[in-house]
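Hello,

Here is the structure for you to look over. My notes follow below it.

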Amino acid sequence: MTKKFITLLIFVQFTLGAKRYFIPNLKANWHKANEFCVTLGMNLASVKSLVEHTELIRFVEKTDKFSNATRFWIGASDLAEEGVYTWVSNGHLVTFTNWADNEPNNVNDTEHCIEIIHNTYVNRVWQWNDRECRSAIEYFICETADKQCIEQF
Ligand SMILES: [Ca+2]
Ligand SMILES: [Ca+2]
């Protein structure tokens with residue numbers, strides 16, 4: 001890509017503002033999900049505000065991965081320090097959260113990665129849960145790379 005073209009892409013991204021999301025057509029554990037997003041030049045999705053949470057839900061609802069009983073990895077974990085959640089894309093602390101009742105519960109001290117659950121049968125409507133990073137296999141949401149990284153060009 002020429003420098004001009006890259007500059008144009010950055011301009012378009014800033015102009016549009018909102019993030020773009022993508023749900024690959026495969027399920028993976030949290031680590032593999034993160035790797036997969038990065039190979040696409042994206043990040044496992046972060047959710048930094050209620051507005052972003054709402055935008056993310058709106059996106060998922062329009063995809064074929066949406067149902068009344070589904071779950072998706074997002075890019076937050078407390079792998080580095082128990083109980084301290086950070087975004088894998090930039091290491092920033094998780095500030096906005098939408099935990100389900102009694103979550104995060106860190107069952108058996110093994111749950112360190114965050115998923116969004118939409119399961120109307122158990123009354124968990126787009127709520128967050130901590131889950132086992134390696135053994136749990138599910139769909140995941142990638143987003144366009146963090147703007148702070150793009151700015152460095
Ligand atoms: Ca944990
Ligand atoms: Ca949990």
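Strand 1 and strand 8 pair antiparallel, over 2 bridges. Helices (H or I, at least four residues) and strands (E, at least two) are DSSP runs, numbered from the N terminus. Two strands count as paired if DSSP finds at least two bridges between them. Y21 stands opposite E143 in strand 8.

This is a predicted model: local features need pLDDT of at least 70, side-chain atom pairs count only at pLDDT 80 or more, and totals for chains, interfaces and linings use all residues. Residues are numbered from 1 along each chain as its sequence is written, while chains are lettered from A and ligands numbered from 1 in the order in which they are written.

Confidence: pLDDT is the predictor's confidence in each residue, from 0 to 100. The chain averages 90, and 84% of the residues score at least 70. Residues 10–16 stay under 50, and the model has 5 contacts for them beyond four places in sequence. A contact means two C-beta atoms, placed from the backbone, within 7 Å.

Overall layout: the chain has 4 helices and 8 strands. From the N terminus on, they run α-β-α-β-α-β-β-β-β-β-β-α. Of the contacts with a separation of 6 or more, 72% link residues 24 or more positions apart. Buried residues make up 25% of the 153 residues. Buried means 20 or more other C-beta atoms within 10 Å of the residue's own, exposed means 12 or fewer, and partly exposed lies in between; the C-beta atoms are placed from the backbone.

The open sheet: 3 strands form it in the order 1-8-2, with antiparallel pairing. Its edge strands are strand 1 (21–22) and strand 2, each pairing on one side only. Helix 2 packs on this sheet, touching strand 2 and strand 8, and its direction makes about 165° with that of strand 2. Axes here are lines fitted to C-alpha atoms, for helices over the stretch in contact, and angles run from 0 to 180 degrees between N-to-C directions.

Helix 2 (residues 30–39): which of its residues are buried? They are W30, A33, N34 and C37. These residues lie on the same side of helix 2, because they cover an arc of only 100° around the axis. The arc is that of the directions from the helix axis to the C-beta atoms. Their cover includes strand 2 (42–44), strand 3 (69–81), strand 5 (111–119), strand 7 (139–140) and strand 8 (142–144). G41 follows helix 2, with a positive phi near 75°.

S77 has T86 of strand 4 as its bridge partner. There are 2 residues between these strands, and G83 in the hairpin takes a positive phi near 85°. Strand 4 (residues 84–87) has Y85 and W87 on its covered face, V84 and T86 on the uncovered one. Strand 5 and strand 6 (residues 124–132) pair antiparallel over 8 bridges. I117 is partnered by Q127 in strand 6. This hairpin has 4 residues between its strands, and N123 takes a positive phi near 60°.

The core: the largest nonpolar core has 25 residues, and L44, F72, W73, I74 and F140 have the most contacts inside it. Helix 2, strand 2, helix 3 (50–61), strand 3, strand 4, strand 5 and strand 7 each supply at least two residues. Strand 3 gives the most, with 4 residues. Such a core is a set of buried Ala, Val, Leu, Ile, Met, Phe, Trp, Tyr and Cys residues joined through C-beta atoms within 7 Å.

Best wishes
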